[in-house]
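Me: I would like to go through this model with you and ask, term by term, what stands behind each label.
Reply: Gladly; here is the structure to look at while we talk.

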Amino acid sequence: MSLASDREPSVSIARMLKDRSPGALEALILAHGQSIHRVAYSIVGDFHAAEDITSETLLTAWRRIDSLRDDGRIRPWLLSIAARNALQHLRQRTPRGNVVDALDGTEQMEARTVSRLTVRAAMEQLPDRMRAVITLRYLADLSVDEISRVIGRSRNTVKTELRLGLQRLREQLAEEDLKGVER
Amino acid sequence: MTDDFEDRLKAALERDADAHPFALSADDVLERRAATQRRQPFARPVAGLLAVATVAMAAAAVSLGLGALRSIDSSGALLGSTSANPSGSPAPALADLVPLKTQQPRPSGAPCMAARIEGTLVNHSEDGLALRQGDESITRVIWPYGYFARRGADGLELVDGDGIVRAREGDRIVLGGGENEAGIWMPCGGPTKQE
(Lines give C-alpha, C1' and ligand atoms only; values in the text may rest on other atoms or scores of the structure.)
Protein backbone atom coordinates (compact mmCIF):
# COMPACT_ATOMS: atom_id res chain seq x y z
CA MET A 1 0.00 0.00 0.00
CA SER A 2 1.35 3.31 -0.89
CA LEU A 3 0.23 4.88 2.38
CA ALA A 4 2.33 2.47 4.37
CA SER A 5 5.54 3.42 2.65
CA ASP A 6 5.13 7.19 2.75
CA ARG A 7 6.46 8.82 5.86
CA GLU A 8 4.00 11.71 5.92
CA PRO A 9 0.78 9.65 6.12
CA SER A 10 2.44 7.43 8.73
CA VAL A 11 3.17 10.48 10.83
CA SER A 12 -0.42 11.62 10.39
CA ILE A 13 -1.85 8.28 11.37
CA ALA A 14 0.35 8.06 14.44
CA ARG A 15 -0.74 11.56 15.39
CA MET A 16 -4.40 10.66 14.83
CA LEU A 17 -4.01 7.64 17.08
CA LYS A 18 -2.25 9.61 19.79
CA ASP A 19 -4.97 12.25 19.64
CA ARG A 20 -7.69 9.58 19.62
CA SER A 21 -9.08 11.28 16.54
CA PRO A 22 -12.33 10.01 15.02
CA GLY A 23 -11.55 7.55 12.29
CA ALA A 24 -8.02 6.88 13.56
CA LEU A 25 -8.51 3.13 13.82
CA GLU A 26 -10.08 3.01 10.38
CA ALA A 27 -7.17 4.97 8.92
CA LEU A 28 -4.74 2.62 10.61
CA ILE A 29 -6.49 -0.40 9.13
CA LEU A 30 -6.59 1.17 5.69
CA ALA A 31 -2.91 2.06 5.72
CA HIS A 32 -1.38 -0.89 7.51
CA GLY A 33 -3.96 -3.65 7.91
CA GLN A 34 -2.89 -5.60 4.86
CA SER A 35 0.83 -5.31 5.65
CA ILE A 36 0.23 -6.57 9.17
CA HIS A 37 -1.92 -9.39 7.86
CA ARG A 38 0.75 -10.38 5.34
CA VAL A 39 3.32 -10.78 8.07
CA ALA A 40 0.95 -12.65 10.37
CA TYR A 41 -0.20 -14.99 7.63
CA SER A 42 3.30 -15.65 6.39
CA ILE A 43 4.42 -16.69 9.87
CA VAL A 44 1.41 -18.72 11.04
CA GLY A 45 0.18 -19.99 7.65
CA ASP A 46 -3.45 -19.80 8.68
CA PHE A 47 -5.79 -17.16 7.29
CA HIS A 48 -8.18 -17.04 10.23
CA ALA A 49 -5.43 -17.03 12.83
CA ALA A 50 -3.76 -14.26 10.86
CA GLU A 51 -6.96 -12.20 11.06
CA ASP A 52 -7.03 -12.65 14.82
CA ILE A 53 -3.38 -11.67 15.08
CA THR A 54 -3.95 -8.65 12.87
CA SER A 55 -6.89 -7.53 14.98
CA GLU A 56 -4.88 -8.00 18.14
CA THR A 57 -2.01 -6.03 16.65
CA LEU A 58 -4.24 -3.15 15.59
CA LEU A 59 -5.79 -2.91 19.04
CA THR A 60 -2.40 -3.15 20.70
CA ALA A 61 -1.30 -0.24 18.53
CA TRP A 62 -4.39 1.70 19.57
CA ARG A 63 -3.65 0.97 23.22
CA ARG A 64 0.09 1.55 23.20
CA ILE A 65 0.57 4.21 20.57
CA ASP A 66 2.14 6.52 23.15
CA SER A 67 5.13 4.19 23.34
CA LEU A 68 5.94 4.89 19.67
CA ARG A 69 8.72 7.46 19.82
CA ASP A 70 9.18 8.22 16.12
CA ASP A 71 5.82 8.61 14.42
CA GLY A 72 7.40 8.00 11.04
CA ARG A 73 8.43 4.51 12.15
CA ILE A 74 4.93 3.27 12.79
CA ARG A 75 5.13 0.59 10.07
CA PRO A 76 8.12 -1.35 11.49
CA TRP A 77 6.66 -0.85 14.95
CA LEU A 78 3.37 -2.41 13.88
CA LEU A 79 5.00 -5.26 12.02
CA SER A 80 7.20 -6.02 15.01
CA ILE A 81 4.12 -6.30 17.22
CA ALA A 82 2.47 -8.52 14.61
CA ALA A 83 5.50 -10.81 14.46
CA ARG A 84 5.65 -11.13 18.24
CA ASN A 85 1.94 -11.94 18.34
CA ALA A 86 2.35 -14.49 15.56
CA LEU A 87 5.26 -16.20 17.31
CA GLN A 88 3.27 -16.23 20.54
CA HIS A 89 0.41 -17.85 18.62
CA LEU A 90 2.74 -20.54 17.31
CA ARG A 91 4.05 -21.27 20.78
CA GLN A 92 0.50 -21.82 22.02
CA ARG A 93 -0.87 -23.81 19.11
CA THR A 94 -1.31 -27.53 18.95
CA PRO A 95 0.95 -29.35 16.48
CA ARG A 96 -0.33 -29.03 12.95
CA GLY A 97 0.13 -30.95 9.75
CA ASN A 98 1.94 -29.87 6.66
CA VAL A 99 -0.03 -27.24 4.78
CA VAL A 100 -0.17 -29.29 1.61
CA ASP A 101 -1.30 -32.37 3.50
CA ALA A 102 -4.12 -30.35 4.98
CA LEU A 103 -5.56 -29.39 1.60
CA ASP A 104 -8.22 -31.43 -0.09
CA GLY A 105 -7.49 -33.49 -3.18
CA THR A 106 -8.22 -30.79 -5.74
CA GLU A 107 -6.13 -28.25 -3.93
CA GLN A 108 -3.30 -30.73 -3.59
CA MET A 109 -3.18 -31.00 -7.34
CA GLU A 110 -3.09 -27.23 -7.61
CA ALA A 111 -0.42 -27.09 -4.94
CA ARG A 112 1.94 -28.87 -7.29
CA THR A 113 1.53 -26.26 -9.96
CA VAL A 114 0.67 -22.96 -8.31
CA SER A 115 3.65 -21.09 -7.06
CA ARG A 116 2.11 -19.43 -4.07
CA LEU A 117 1.16 -22.76 -2.55
CA THR A 118 4.59 -24.09 -3.36
CA VAL A 119 6.16 -21.16 -1.59
CA ARG A 120 3.79 -21.65 1.32
CA ALA A 121 4.66 -25.33 1.51
CA ALA A 122 8.36 -24.51 1.46
CA MET A 123 7.93 -21.91 4.17
CA GLU A 124 6.02 -24.44 6.25
CA GLN A 125 9.08 -26.68 6.22
CA LEU A 126 11.14 -24.06 8.01
CA PRO A 127 11.32 -23.92 11.80
CA ASP A 128 8.97 -21.28 13.23
CA ARG A 129 11.63 -18.78 14.15
CA MET A 130 13.45 -19.12 10.85
CA ARG A 131 10.17 -18.60 8.99
CA ALA A 132 9.54 -15.49 11.08
CA VAL A 133 13.00 -14.15 10.30
CA ILE A 134 12.52 -14.71 6.57
CA THR A 135 9.12 -13.03 6.75
CA LEU A 136 10.38 -10.04 8.65
CA ARG A 137 13.28 -9.56 6.26
CA TYR A 138 11.50 -10.06 2.95
CA LEU A 139 7.86 -9.14 3.61
CA ALA A 140 8.25 -6.57 6.35
CA ASP A 141 11.57 -5.16 5.12
CA LEU A 142 12.92 -4.93 8.65
CA SER A 143 16.63 -4.57 9.22
CA VAL A 144 18.72 -7.23 10.94
CA ASP A 145 18.83 -5.04 14.05
CA GLU A 146 15.05 -4.67 14.08
CA ILE A 147 14.53 -8.40 13.58
CA SER A 148 17.02 -9.06 16.36
CA ARG A 149 14.90 -7.02 18.76
CA VAL A 150 11.66 -8.67 17.67
CA ILE A 151 12.80 -12.24 18.16
CA GLY A 152 15.10 -11.53 21.09
CA ARG A 153 18.18 -13.02 19.53
CA SER A 154 21.56 -11.56 18.56
CA ARG A 155 22.31 -10.00 15.20
CA ASN A 156 24.58 -12.90 14.39
CA THR A 157 21.81 -15.38 15.11
CA VAL A 158 19.48 -13.44 12.83
CA LYS A 159 22.06 -13.42 10.05
CA THR A 160 22.59 -17.14 10.46
CA GLU A 161 18.86 -17.84 10.39
CA LEU A 162 18.51 -15.72 7.27
CA ARG A 163 21.36 -17.49 5.51
CA LEU A 164 20.17 -20.97 6.44
CA GLY A 165 16.55 -20.12 5.65
CA LEU A 166 17.42 -18.82 2.21
CA GLN A 167 19.58 -21.84 1.57
CA ARG A 168 16.76 -24.21 2.43
CA LEU A 169 14.26 -22.30 0.32
CA ARG A 170 16.66 -22.33 -2.63
CA GLU A 171 16.94 -26.07 -2.32
CA GLN A 172 13.19 -26.58 -2.14
CA LEU A 173 11.98 -24.10 -4.69
CA ALA A 174 12.62 -24.75 -8.33
CA GLU A 175 13.09 -21.83 -10.66
CA GLU A 176 9.53 -21.98 -11.99
CA ASP A 177 8.09 -22.05 -8.49
CA LEU A 178 8.94 -18.42 -7.98
CA LYS A 179 7.64 -17.14 -11.28
CA GLY A 180 4.58 -14.93 -11.14
CA VAL A 181 1.11 -16.34 -11.46
CA GLU A 182 -1.36 -14.34 -13.46
CA ARG A 183 -4.41 -13.37 -11.44
CA MET B 1 23.24 -8.76 -0.33
CA THR B 2 20.09 -8.99 -2.39
CA ASP B 3 20.13 -11.25 -5.39
CA ASP B 4 17.54 -12.21 -7.97
CA PHE B 5 16.35 -15.16 -5.92
CA GLU B 6 15.61 -12.91 -2.97
CA ASP B 7 13.63 -10.51 -5.15
CA ARG B 8 11.57 -13.33 -6.57
CA LEU B 9 11.10 -14.86 -3.15
CA LYS B 10 9.83 -11.55 -1.84
CA ALA B 11 7.34 -11.27 -4.72
CA ALA B 12 6.16 -14.85 -4.21
CA LEU B 13 5.67 -14.30 -0.49
CA GLU B 14 3.60 -11.20 -1.22
CA ARG B 15 1.45 -13.10 -3.71
CA ASP B 16 1.00 -15.87 -1.19
CA ALA B 17 -0.08 -13.55 1.60
CA ASP B 18 -2.24 -11.36 -0.64
CA ALA B 19 -4.27 -14.37 -1.77
CA HIS B 20 -6.25 -13.73 1.42
CA PRO B 21 -6.66 -9.96 1.60
CA PHE B 22 -7.37 -8.44 4.97
CA ALA B 23 -10.79 -6.87 4.75
CA LEU B 24 -11.94 -6.30 8.31
CA SER B 25 -13.37 -2.96 9.34
CA ALA B 26 -12.95 -1.32 12.71
CA ASP B 27 -16.09 -2.88 14.14
CA ASP B 28 -15.01 -6.30 12.84
CA VAL B 29 -11.73 -5.86 14.66
CA LEU B 30 -13.47 -4.92 17.89
CA GLU B 31 -15.98 -7.75 17.60
CA ARG B 32 -13.26 -10.30 16.86
CA ARG B 33 -11.32 -9.16 19.89
CA ALA B 34 -14.41 -9.36 22.08
CA ALA B 35 -15.20 -12.84 20.74
CA THR B 36 -11.69 -13.98 21.63
CA GLN B 37 -12.17 -12.65 25.14
CA ARG B 38 -15.51 -14.45 25.45
CA ARG B 39 -13.88 -17.72 24.39
CA GLN B 40 -10.98 -17.27 26.81
CA PRO B 41 -12.31 -15.15 29.70
CA PHE B 42 -9.56 -16.23 32.09
CA ALA B 43 -6.76 -16.75 29.60
CA ARG B 44 -4.96 -13.46 30.14
CA PRO B 45 -2.74 -13.84 33.16
CA VAL B 46 -0.61 -10.81 32.35
CA ALA B 47 -0.70 -7.63 34.33
CA GLY B 48 -2.09 -9.20 37.44
CA LEU B 49 -5.66 -8.24 37.98
CA LEU B 50 -5.73 -5.62 35.28
CA ALA B 51 -7.73 -6.31 32.19
CA VAL B 52 -6.53 -4.33 29.24
CA ALA B 53 -8.36 -1.20 28.36
CA THR B 54 -9.19 -2.41 24.91
CA VAL B 55 -11.17 -5.28 26.32
CA ALA B 56 -13.37 -2.77 28.03
CA MET B 57 -13.62 -0.75 24.84
CA ALA B 58 -14.46 -3.79 22.75
CA ALA B 59 -16.91 -5.09 25.31
CA ALA B 60 -18.41 -1.66 25.42
CA ALA B 61 -18.96 -1.53 21.71
CA VAL B 62 -20.41 -5.01 21.63
CA SER B 63 -22.61 -4.69 24.71
CA LEU B 64 -24.11 -1.53 23.37
CA GLY B 65 -24.80 -3.15 20.04
CA LEU B 66 -22.83 -0.46 18.38
CA GLY B 67 -21.96 -2.54 15.37
CA ALA B 68 -20.10 -0.59 12.80
CA LEU B 69 -18.66 2.57 14.18
CA ARG B 70 -17.55 3.60 10.76
CA SER B 71 -16.75 1.76 7.65
CA ILE B 72 -14.45 2.22 4.75
CA ASP B 73 -15.65 2.07 1.18
CA SER B 74 -13.67 0.51 -1.61
CA SER B 75 -11.99 3.80 -2.43
CA GLY B 76 -10.80 4.14 1.13
CA ALA B 77 -13.11 7.00 2.07
CA LEU B 78 -14.41 6.94 5.60
CA LEU B 79 -18.15 6.55 5.79
CA GLY B 80 -20.47 7.50 8.62
CA SER B 81 -21.92 5.23 11.24
CA THR B 82 -23.64 2.26 9.69
CA SER B 83 -25.65 0.99 12.59
CA ALA B 84 -27.05 2.13 15.89
CA ASN B 85 -27.76 0.47 19.19
CA PRO B 86 -31.17 -1.08 19.80
CA SER B 87 -32.45 1.99 21.57
CA GLY B 88 -31.94 3.98 18.41
CA SER B 89 -29.56 6.43 20.01
CA PRO B 90 -26.53 7.32 17.92
CA ALA B 91 -23.54 5.05 18.33
CA PRO B 92 -20.62 6.83 20.00
CA ALA B 93 -17.47 6.92 17.91
CA LEU B 94 -14.55 4.82 19.00
CA ALA B 95 -12.72 8.01 19.80
CA ASP B 96 -15.36 8.75 22.44
CA LEU B 97 -14.59 5.58 24.35
CA VAL B 98 -12.07 6.07 27.13
CA PRO B 99 -10.12 3.07 28.39
CA LEU B 100 -10.35 2.25 32.07
CA LYS B 101 -8.30 -0.17 34.08
CA THR B 102 -10.65 -2.98 34.98
CA GLN B 103 -10.54 -6.08 37.15
CA GLN B 104 -10.69 -9.61 35.90
CA PRO B 105 -14.13 -11.23 35.93
CA ARG B 106 -15.12 -11.99 39.50
CA PRO B 107 -16.32 -15.56 40.10
CA SER B 108 -19.77 -15.78 41.65
CA GLY B 109 -19.54 -15.77 45.44
CA ALA B 110 -15.95 -14.55 45.54
CA PRO B 111 -15.19 -12.65 48.77
CA CYS B 112 -15.13 -8.86 48.75
CA MET B 113 -13.36 -6.31 50.86
CA ALA B 114 -15.99 -4.50 52.87
CA ALA B 115 -14.67 -0.95 53.22
CA ARG B 116 -16.21 2.02 51.47
CA ILE B 117 -14.99 5.22 49.95
CA GLU B 118 -16.78 8.41 49.00
CA GLY B 119 -15.64 10.94 46.49
CA THR B 120 -16.28 12.88 43.34
CA LEU B 121 -15.83 11.18 40.00
CA VAL B 122 -13.14 13.08 38.11
CA ASN B 123 -11.30 12.85 34.80
CA HIS B 124 -7.86 11.31 35.33
CA SER B 125 -5.16 11.66 32.70
CA GLU B 126 -3.76 8.16 33.17
CA ASP B 127 -6.71 6.11 34.38
CA GLY B 128 -9.63 7.76 32.64
CA LEU B 129 -11.77 8.15 35.77
CA ALA B 130 -10.75 8.38 39.42
CA LEU B 131 -12.17 9.61 42.70
CA ARG B 132 -11.31 12.94 44.26
CA GLN B 133 -11.66 13.26 47.99
CA GLY B 134 -11.61 16.74 49.40
CA ASP B 135 -9.85 19.28 47.23
CA GLU B 136 -6.66 17.50 46.27
CA SER B 137 -6.55 13.83 47.17
CA ILE B 138 -7.07 11.57 44.18
CA THR B 139 -7.79 7.87 44.62
CA ARG B 140 -7.10 5.70 41.61
CA VAL B 141 -9.59 2.94 40.86
CA ILE B 142 -9.50 -0.39 39.08
CA TRP B 143 -13.09 -0.65 38.01
CA PRO B 144 -15.20 -3.82 37.91
CA TYR B 145 -14.88 -6.04 34.86
CA GLY B 146 -16.70 -4.74 31.81
CA TYR B 147 -16.78 -1.11 32.91
CA PHE B 148 -15.65 1.59 30.52
CA ALA B 149 -15.95 5.34 30.12
CA ARG B 150 -17.12 7.44 27.25
CA ARG B 151 -17.26 11.12 26.50
CA GLY B 152 -20.75 12.52 26.95
CA ALA B 153 -22.20 15.97 26.56
CA ASP B 154 -21.30 16.92 30.14
CA GLY B 155 -18.00 15.12 30.52
CA LEU B 156 -17.06 11.51 31.01
CA GLU B 157 -19.65 8.88 31.77
CA LEU B 158 -18.94 5.68 33.73
CA VAL B 159 -20.73 2.79 32.00
CA ASP B 160 -21.09 -0.78 33.23
CA GLY B 161 -20.83 -3.96 31.20
CA ASP B 162 -24.52 -3.83 30.32
CA GLY B 163 -24.15 -0.40 28.79
CA ILE B 164 -25.89 1.41 31.67
CA VAL B 165 -24.50 4.78 32.72
CA ARG B 166 -23.73 4.37 36.42
CA ALA B 167 -22.29 7.83 37.11
CA ARG B 168 -21.01 10.95 35.41
CA GLU B 169 -17.98 13.13 35.87
CA GLY B 170 -18.66 15.44 38.80
CA ASP B 171 -21.07 13.04 40.54
CA ARG B 172 -20.44 12.19 44.17
CA ILE B 173 -20.38 8.43 44.51
CA VAL B 174 -19.75 5.71 47.06
CA LEU B 175 -17.75 2.63 46.20
CA GLY B 176 -17.62 -0.53 48.30
CA GLY B 177 -14.44 -2.63 48.30
CA GLY B 178 -10.96 -1.85 49.50
CA GLU B 179 -7.42 -0.88 48.54
CA ASN B 180 -4.91 -3.24 47.01
CA GLU B 181 -1.21 -3.26 47.96
CA ALA B 182 -0.52 -0.34 45.63
CA GLY B 183 -3.16 1.82 47.27
CA ILE B 184 -5.53 1.55 44.32
CA TRP B 185 -9.19 1.13 45.13
CA MET B 186 -10.74 -2.18 44.05
CA PRO B 187 -14.50 -1.72 44.06
CA CYS B 188 -16.70 -4.67 44.79
CA GLY B 189 -19.80 -3.91 42.78
CA GLY B 190 -20.80 -0.70 41.10
CA PRO B 191 -20.98 2.84 42.44
CA THR B 192 -23.87 4.33 44.37
CA LYS B 193 -24.61 7.94 43.57
CA GLN B 194 -25.08 10.42 46.39
CA GLU B 195 -27.57 13.20 45.82
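**Terms and values in the two chains**

Reply: In chain A, 66% of the contacts between residues at least 6 apart in sequence join residues at least 24 apart, where contact means heavy atoms within 4.5 Å. This is a predicted model, in which local features need pLDDT of at least 70 and side-chain atom pairs count only at pLDDT 80 or more, while totals for chains, interfaces and linings use all residues. Residues are numbered from 1 along each chain as its sequence is written, chains are lettered from A and ligands numbered from 1 in the order in which they are written, and side-chain values use heavy atoms, with hydrogens and water left out.

Me: What is the mean pLDDT of chain A, and which elements of chain A have the lowest and the highest mean?
Reply: On pLDDT, the predictor's confidence in each residue from 0 to 100, chain A has a mean of 78, and 75% of its residues reach 70 or more.

Me: How many helices and strands does chain A have?
Reply: Chain A comes to eleven helices and zero strands, counted as DSSP runs numbered from the N terminus, with helices being H or I of at least four residues and strands E of at least two.

Me: What makes helix 10 of chain A mostly covered?
Reply: Buried means under 20% relative accessible area, exposed over 50%, and partly exposed in between, with a 1.4 Å probe and protein chains only. By that cut-off six of the eight residues of helix 10 of chain A are buried, namely Val144(A), Glu146(A), Ile147(A), Ser148(A), Val150(A) and Ile151(A). What covers these buried residues includes helix 5 (74-92), helix 9 and helix 11 (155-172) of chain A. Helix 10 of chain A is followed by Gly152(A), whose phi is positive, near 70°.

Me: Why is Asp141(A) called partly exposed?
Reply: Asp141(A) counts as partly exposed because its relative accessibility is 42%. Asp141(A) lies in the loop between helix 9 (128-138) and helix 10 (144-151) of chain A.

Me: How many helices and strands does chain B have, and what share of its residues count as buried?
Reply: Chain B has three helices and ten strands, and 45% of its 195 residues count as buried.

Me: Why are strand 1 and strand 7 of chain B said to stand at the edges?
Reply: Two strands pair if DSSP finds at least two bridges between them, and an open sheet of four strands in chain B has the order 1-5-6-7, with antiparallel pairing. Strand 1 (97-98) and strand 7 (165-168) of chain B each have a single partner strand, so one side of each is left without a neighbour in the sheet. Strand 6 (residues 155-159) of chain B is joined to strand 7 of chain B by three bridges, and the bridge partner of Val159(B) in strand 7 is Val165(B).
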